[in-house]
Amino acid sequence: MKTVKIPDTDLVLSGLGYGTVNAGVKWEGAEGERMLEEYLEAGGNVIDTAHVYSDWVPGETARSERVLGDWIRRRGRRDDFILMTKGGHPRLDTMTVSRLSKEEMTSDLDSSLEKLGVDHVDIYFYHRDDESRTVEELVETMEDFRRAGKIRYYGCSNWSTARMKEADAYCKEKGYRGFVANQAMFNIGIKYMRPYSDPTMVICDEEMLEYHKNSANLLVPYMGICGGFFHALKKKGVDAVKDNSFYSEQNMKVAEGIYRLCDEKGYSITQALIGYIAVQPLPMVPLAAASNDGQLQDITAALKTDFEAADYRFFETI
């Protein structure tokens with residue numbers, strides 16, 4: 001997988017980022033830190049977290065950031081990777097209530113910096129949007145963070161294409177660099193999926209793909225392995241996945257192509273799914289999580305693989 005340089009920045013990202021949504025829940029301590037180091041040794045350099053990660057587990061909040069902070073403090077350096085986190089996520093019991101005021105964003109960012117044990121993050125994301133607020137207000141909040149030295153660059157997650165274009169226009173007028181990255185749901189199965197259970201998560205559709213082709217705002221796909229749908233289908237059969245949003249007649253045909261590709265190339269299902277993103281005709285840096293050695297092997301192998309677009313032509317005929 002090729003590295004990606006974000007235009008008008010000094011950021012050069014590896015072709016696959018390491019997601020830490022399960023840090024502090026499925027892994028932490030020496031075992032988790034070993035996996036992080038092995039990801040870096042394999043050529044990865046993007047570590048992604050969020051202030052809300054693991055808050056769905058009773059007890060400690062912001063576990064993921066705290067676990068990463070413990071690792072950063074123990075290793076004594078953070079100059080060999082790009083650290084990304086996100087703020088402004090709604091409270092989990094009130095998902096329709098926005099938390100993007102400057103006061104709330106400042107609280108989240110300051111807490112993230114404390115948990116991570118750093119004085120700044122490389123890219124800070126709005127985790128959701130609030131269309132009742134102007135892009136001018138939201139951009140200026142990020143610019144204030146940047147001027148204060150708390151963040152180097154900023155991005156968005158789960159924003160619509162129209163809102164990103166509005167923000168781009170405002171930043172151009174003001175002479176700001178603006179959003180450097182956008183995290184949205186993109187994978188081989190979204191074209192044929194049913195409505196997802198969380199309507200606040202934004203899918204990267206054809207309009208958004210066209211936007212990114214002509215933008216200096218890098219697409220950073222999440223849920224690149226389709227929430228494990230194709231893994232569960234292979235392992236447990238159709239009855240186990242019929243309630244999954246990705247279950248559809250067309251995605252069953254997609255599954256046949258994926259499994260055939262795995263047999264022909266020796267890929268794992270995870271690697272085949274990451275490969276689909278890698279061969280898209282525009283730069284992307286997908287995120288993938290690893291909670292055990294098998295998942296880590298999938299990530300490191302994908303980092304070292306030159307995937308070929310011709311292998312995914314089966315998808316065009318579905």
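Ser101 is buried in this predicted model. Its relative accessible area is 12%, under the 20% cut-off for buried. Val25, by contrast, is partly exposed, at 39%. Helix 1 packs alongside helix 10 in a roughly parallel arrangement.

**Ser101**
- Ser101 sits in the loop between strand 5 (82-87) and helix 3 (102-116).
- The side chains of Ser101 and Glu104 are joined by a polar contact of 2.9 Å.

**Val25**
- Val25 belongs to the loop between strand 3 (17-19) and helix 1.
- Val25 touches Ser54, Val57 and Arg63, leaving aside residues up to four places away in sequence.
- Val25 and Leu11 are 14 residues apart along the chain, and their C-alpha atoms are separated by 30 Å.

**Helix 1 and helix 10**
- The axes of helix 1 (residues 29-41) and helix 10 (residues 293-303) come within 10 Å and cross at roughly 10°.
- The two helices therefore count as roughly parallel, since that class takes angles under 35 degrees.
- Helix 1 contributes Glu31, Arg34, Met35, Glu38 and Tyr39 to the contact.
- Helix 10 contributes Asp293, Leu296, Ile299, Thr300 and Leu303.
- The contact residues comprise five nonpolar, one polar and four charged.

**Tyr39 and the core**
- The largest nonpolar core has 104 residues.
- Tyr39 is among the residues with the most contacts inside that core, along with Tyr18, Trp159, Ile188, Phe230, Ile258 and Tyr312.
- Beyond four places in sequence, Tyr39 touches residues including Ser14, Leu16, Gly17, Tyr18, Gly44, Asn45, Val46 and Ile47.
- Tyr39 also touches Leu296, Ile299, Thr300 and Leu303, which lie in helix 10.

Conventions. Residues numbered from 1 in each chain as written. Predicted model: local features only at pLDDT ≥ 70, side-chain atom pairs only at ≥ 80, totals over all residues. Heavy atoms only, no water. Axes fitted to C-alpha atoms, helices over the stretch in contact; angles between N-to-C directions. Helix = DSSP H or I, 4+ residues; strand = E, 2+ residues; numbered from the N terminus. Parallel < 35°, antiparallel > 145°, perpendicular 65-115°, else oblique. Contact = heavy atoms within 4.5 Å. Nonpolar A, V, L, I, M, F, W, Y, C, P; charged D, E, K, R; others polar. Core = buried A, V, L, I, M, F, W, Y, C linked by side-chain atoms within 4.5 Å. Buried < 20%, exposed > 50% of the residue type's maximum accessible area, 1.4 Å probe, protein only. Polar contact = N/O pair within 3.5 Å; in protein donor to acceptor, adjacent residues only side chain to side chain.
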